[in-house]
Amino acid sequence: MRKYQGGYYEQENNRCIEQGPGRELAAIVQYMKHHYEGEGMESPAVLEIFKSTAKDEMKHAENLARGSSILAECLQRNLNQ
Ligand SMILES: [Fe+2]
């Protein structure tokens with residue numbers, strides 16, 4: 001079994017993998033909070049923009065999860081070589 005040799009890029013990738021999902025989830029909560037707290041505002045169109053942006057952040061979280069899964073498979077394959 002070969003040991004994985006990491007450096008700067010590995011550390012950066014790990015940081016993104018570790019912190020990315022949390023940041024996306026924080027963004028989702030923040031935009032949905034704005035959406036619900038803004039009810040009664042004079043500009044209801046803004047509320048839909050908040051909601052739409054929260055949905056975009058959900059897609060980012062989904063893509064991150066998918067990417068992390070693929071990366072984990074690749075790393076495992078490299079470790080097993
Ligand atoms: Fe995002």
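1. Let's start with Glu 24: it has 20 C-beta neighbours inside 10 Å, so it counts as buried. The cut-offs are 20 or more other C-beta atoms within 10 Å for buried, 12 or fewer for exposed, and partly exposed in between, with C-beta atoms placed from the backbone. Glu 24 sits in helix H1, and its C-alpha is 14 Å from that of Phe 50, 26 residues away along the chain.

2. A word on what you're looking at. This is a predicted model, where local features need pLDDT of at least 70 and side-chain atom pairs count only at pLDDT 80 or more, while totals for chains, interfaces and linings use all residues. Residues are numbered from 1 along each chain as its sequence is written.

3. Now for H1 as a whole. Helix H1 covers residues 8-37, 30 residues in total, and its end C-alpha atoms are 42 Å apart, close to the 44 Å expected. Helices here are DSSP runs (H or I, at least four residues), numbered from the N terminus, and the expected span is 1.5 Å times one less than the number of residues. H1 is hardly covered, with two buried residues among its 30.

4. There's a kink in H1 of about 35° at Gln 19, shortly before the proline Pro 21. That bend is the angle between axes fitted to the seven residues ending there and the seven starting there.

5. On to H2. Its 37 residues should span 54 Å, and its end C-alpha atoms are 55 Å apart, which agrees. One of those 37 residues is buried, so H2 lies largely in the open.

6. How do the two helices pack? H1 and H2 (residues 44-80) meet at an angle of about 165°, and their axes are 8 Å apart. That makes H1 roughly antiparallel to H2, a label for angles over 145 degrees. Axes are lines fitted to C-alpha atoms over the stretch in contact, and angles run from 0 to 180 degrees between N-to-C directions. By class, the contact has 15 nonpolar, six polar and three charged residues. Nonpolar takes in Ala, Val, Leu, Ile, Met, Phe, Trp, Tyr, Cys and Pro; Asp, Glu, Lys and Arg are charged, and the others, Gly among them, are polar.

7. The C-alpha atoms of Tyr 36 and Glu 48 are separated by 10.0 Å, and the two are twelve residues apart along the chain.

Methods. Parallel < 35°, antiparallel > 145°, perpendicular 65-115°, else oblique.
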